[in-house]
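Open the model in your viewer and keep the selection tool at hand. Each stop below tells you what to select and what is there.

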Amino acid sequence: MYSKIFQLALLAGVICFFSCKNTPGTPQPGIEKSAFGQMPDGRAVELYTLRNAQGMEVKITTYGGTITSWTAPDKAGTYADIALGCDSLADYLHGTPYFGAIIGRYGNRIAKGKFTLDSVAYTLATNNIGNHLHGGIAGFDKVLWSAEAVPGAEPALRLTYQSKDGEEGYPGNLSATVTYTLQKDNALKIDYTATADKPTIVNLTNHTYFNLAGNGDILGHELLLHADRFLPVDSTLIPTGELRPVSGTVFDFTSATPIGARINDTSDVQIRYGLGYDHCWVLTASDADGLRPAAVLSEPQSGRVLEVLTTEPAVQFYSGNFLDGTVTGKGDLPYRYRTGLCLETQHYPDAPNRPEFPSTVLRPGEMYTSSTVYRFSVKR
Ligand code: GLA
């Protein structure tokens, strides 16, 4: 009565129904909290695991609002951890090069740690060859954030931190929030807000080191940056103020290019200064809802693709030039030279000293807002 093909299709459907539904033990989507140790003063540190229905997991600790682990599927659907990090709080407390951390008050550099705002001169902590880097000696990556799960259709975690007037030399009490939302489409959205009771400066970002292969170095990763200009720097990585066209330079990533293709071309002094890539690219067009495409990173072997979109005007691409095997991470394995790369969406470095750069000033009554989306997909 029924054709052979229809009977086979019916049989396949029945088999699939019983084998495809969630096999017992498959972790359910949602958000879980667990203990992650104690700060030196005894305060409890927590670890939150956000999981979506696809199986992507992002682990975030309240220490530094740090992403400690982030899984993404390859072209075979196998999830692997694509973020550098550590297994224990002790390792983070011992010190890392900002693995996965929230960065603030001001991500990237401020020349000599000095700036003037409303004719008042401020001096920040200097922690990087005479400049101020990533919020100073005890930046937002090294403080304990408060956390709460945010109710909603997708697992979300809101972190808050009250930065005191004078902290690291910054003016004003600043109240910061960072909300991580793990979306159904394997994207992690990071929303930042801040308010202050005095005029101050703010430029928040996240410092995840990506390795889409989950091992080896990142030189075979292909990068596209939606930017036709970048900021040349001096020998201490402070921008000179020039917005230089990338065309004809080793900084041209306007089409997907292997990161290793020109990374050691020291004929360009900027490569010598950065020890590779450690520069800020100025993003082009902005999208309707404020999010503009910033970057596309792909890893040909695994097929993993990472798209970055942001409200911010720039992105720092750092090719892991200071990773030298002296810092060990998960599984007690050393992170060797250029085994991770960062795409730190942000305002321009040293903007407080460059009136021609977009402003990073926040005044009482204003709300600083910034969003970045890191969306994963696969290319077969
Ligand atoms: C940022 C800086 C780099 C380096 C890393 C952390 O990406 O631009 O120079 O300091 O942070 O090691």
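Start by selecting Gln316, which sits in strand S25, residues 314–318. Strands here are DSSP runs of E with at least two residues, helices are runs of H or I with at least four, and both are numbered from the N terminus. This is a predicted model, in which local features need pLDDT of at least 70 and side-chain atom pairs count only at pLDDT 80 or more, while totals for chains, interfaces and linings use all residues. Residues are numbered from 1 along each chain as its sequence is written, and side-chain values use heavy atoms, with hydrogens and water left out.

**Around Gln316**

Is Gln316 buried or exposed? With a relative accessible area of 3%, Gln316 is buried. The word buried means under 20% relative accessible area, exposed means over 50%, and partly exposed lies in between (1.4 Å probe, protein chains only).

Now show the neighbours of Gln316. Leaving aside residues up to four places away in sequence, Gln316 touches Asn108, Asp278, His279, Cys280, Cys342, Leu343, Glu344 and Gln346. Contact means heavy atoms within 4.5 Å. One of these neighbours, Asn108, is joined to Gln316 by a side-chain polar contact of 2.8 Å. A polar contact is a pair of N or O atoms within 3.5 Å; within protein, one must be able to donate a hydrogen and the other to accept it, and residues adjacent in sequence count only if both atoms are side-chain atoms.

**Two cysteines**

Select Cys280 and Cys342, which are among the residues that Gln316 touches. Cys280 is buried at 2% relative accessible area, and Cys342 is buried at 0%. A disulfide is a covalent bond between the sulfur atoms of two cysteines. In this search a disulfide is a pair of cysteine sulfur atoms within 2.5 Å. Over the whole structure the search finds 0 disulfides.

**The loop between S6 and S7**

Go back to Asn108, which lies in the loop between S6 and S7. Asn108 is buried, with a relative accessible area of 2%. Its phi is positive, about 75 degrees, although Asn108 is not a glycine.

In this loop, between strand S6 (102–103) and strand S7 (109–110), select Arg105 as well. The peptide bond from Gly104 to Arg105 is cis, with omega near 10 degrees.

**Asp332**

Next select Asp332, in the loop between S25 and strand S26 (341–346). Asp332 is another residue other than glycine with a positive phi, here near 60 degrees. At 60% relative accessibility, Asp332 is exposed.

**Pockets and a cavity**

On a 1 Å grid over the protein atoms alone, a cavity is a set of points where a 1.4 Å probe fits but cannot get out, and a pocket is an open set with protein on both sides within 12 Å along at least five of seven lines; lining residues have an atom within 4 Å of a point. Grid points are joined across faces, edges and corners, and a volume is the space filled by probe spheres set on the points.

The largest pocket holds about 280 Å³ of space. It is lined by 14 residues, and those closest to its centre are Leu84, Gly214, Asn215, Leu333 and Tyr335.

The second largest pocket has a volume of about 180 Å³. To find it, select Arg109, Leu133, His134, His207 and Tyr318, which lie nearest its centre among 14 lining residues.

How many cavities of 30 Å³ or more does the structure hold? There are 3. The largest cavity has a volume of about 90 Å³, and its lining includes Tyr63, Tyr92, Phe99 and Lys142.

**Last stop: Arg375**

Finish at Arg375 in strand S28, residues 368–378. Arg375 is partly exposed, with a relative accessible area of 26%. Not counting residues up to four places away in sequence, its contacts include Asp185, Asn186, Val305 and Glu307. The side chains of Arg375 and Asp185 are joined by a polar contact of 3.0 Å. For a distance check, select Tyr192 too: Arg375 and Tyr192 are 183 residues apart in sequence and 17 Å apart in space, C-alpha to C-alpha.
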